[in-house]
Amino acid sequence: QVQLVESGGGLVQAGGSLRLSCGVSESISNINAMGWYRQAPGKQRELVARVTYDGITNYGDSVKGRFTISRDNAKNTVYLQMNSLKPEDTGRYYCHAAYLISEYWGQGTQVFVSS
């Protein structure tokens with residue numbers, strides 16, 4: 001069982017930055033892929049960013065060039081650096097792990113971007 005704990009959300013003005021962190025109970029070097037997803041009210045959960053065990057990243061179209069996912073294997077932590085935030089980035093952000101044949105989700109952290 002992999003446990004994920006997100007932190008770093010909050011209220012920020014448009015154009016500002018936030019960094020989300022996801023602490024992982026398992027060594028992330030063993031995890032196939034780590035990712036961040038978000039869900040806005042009334043919308044489906046969508047991929048924000050993802051990084052594989054070998055460092056390959058991919059991003060949702062709406063965040064390319066503004067968000068960066070990174071991983072610190074020594075700290076078993078995955079980060080999401082969010083710059084140039086827009087009101088449409090508002091939502092609950094969830095950390096996700098694909099490990100062996102299972103998937104795991106954190107409880108999420110709320111991000112609110114004011115205009």
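Strand 1 and strand 3 (residues 18-24) run antiparallel and are joined by four bridges. Strands here are DSSP runs of E with at least two residues, numbered from the N terminus, and two of them count as paired if DSSP finds at least two bridges between them. Within this pair, E6 sits across from C22 in strand 3.

Before going further, a word on what you're looking at: this is a predicted model, where local features need pLDDT of at least 70, side-chain atom pairs count only at pLDDT 80 or more, and totals for chains, interfaces and linings use all residues. Residues are numbered from 1 along each chain as its sequence is written, and side-chain values use heavy atoms, with hydrogens and water left out.

Four strands make up an open sheet, ordered 1-3-8-7, with antiparallel pairing. Strand 1 (4-7) and strand 7 (67-72) are the edges: each has a single partner strand, so one side of each lacks a neighbour in the sheet. From one strand to the next, the twist averages 15°, with axes taken as lines fitted to C-alpha atoms and angles running from 0 to 180 degrees between N-to-C directions.

Next, follow strand 11 (residues 109-114). Its covered face carries T109, V111 and V113, while Q110, F112 and S114 lie on the uncovered one. Which strands does strand 11 pair with? Strand 2 (residues 10-13) joins strand 11 in the parallel sense over four bridges, and there Q13 has S114 as its bridge partner. Strand 9 (residues 91-99) pairs with strand 11 in the antiparallel sense, over three bridges. In that pairing, G91 stands across from V111 in strand 11.

Terms used. Buried < 20%, exposed > 50% of the residue type's maximum accessible area, 1.4 Å probe, protein only.
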